[in-house]
Amino acid sequence: MIESRSSTLNRIPTRDPATTLIRSSQVMAIVGLSRPTIYKLMQQPESRFPTPVKLSNSNARGAPVAWVLEEVQSWTLARIAHRDKVAA
């Protein structure tokens, strides 16, 4: 018997966005920006782009990092709110 996609999705536990870490590909998909643009924004304090969490003790370039989902979502919502404020 083949399970429907919706029944499979219903079994996936919901995660707390405050404790869910997402990798750069997911961040790029959420915010619609390229990896270089994301890293440039991280260097600009006025952008308030979330700082990633180090996933290892390595300080080498290319060491694994992830972002807190809730922080990325909050940044995105702030951009939308700023757009709406400017448009008003």
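Predicted model: local features only at pLDDT ≥ 70, side-chain atom pairs only at ≥ 80, totals over all residues.
Okay, some ground rules. Local features here need pLDDT of at least 70, side-chain atom pairs count only at pLDDT 80 or more, and totals for chains, interfaces and linings use all residues. Residues are numbered from 1 along each chain as its sequence is written, and side-chain values use heavy atoms, leaving out hydrogens and water.

Let's start with the sheet. It's open, with three strands in the order β1-β3-β2 and antiparallel pairing. Strands are DSSP runs of E, at least two residues, and helices are runs of H or I, at least four, numbered from the N terminus. Pairing takes at least two DSSP bridges. At the edges sit β1 (21–22) and β2 (53–54), each pairing on one side only. Across from Ile22 you'll find Trp67 in β3.

Both of those belong to the largest nonpolar core, which has 11 residues. By nonpolar core I mean buried Ala, Val, Leu, Ile, Met, Phe, Trp, Tyr and Cys residues joined through side-chain atoms within 4.5 Å, with buried being under 20% relative accessible area (1.4 Å probe, protein chains only). Which helix gives the largest share of this core? That's α4, with three residues.

Now, how do α2 and α4 sit together? Their axes, lines fitted to C-alpha atoms over the stretch in contact, with angles from 0 to 180 degrees between N-to-C directions, come within 10 Å and cross at roughly 20 degrees. So these two helices are roughly parallel, the label for angles under 35 degrees. Val27, Ile30 and Val31 of α2 make the contact with Leu69, Val72, Trp75 and Thr76 of α4, contact being heavy atoms within 4.5 Å.

Methods:
Buried < 20%, exposed > 50% of the residue type's maximum accessible area, 1.4 Å probe, protein only. Parallel < 35°, antiparallel > 145°, perpendicular 65-115°, else oblique.
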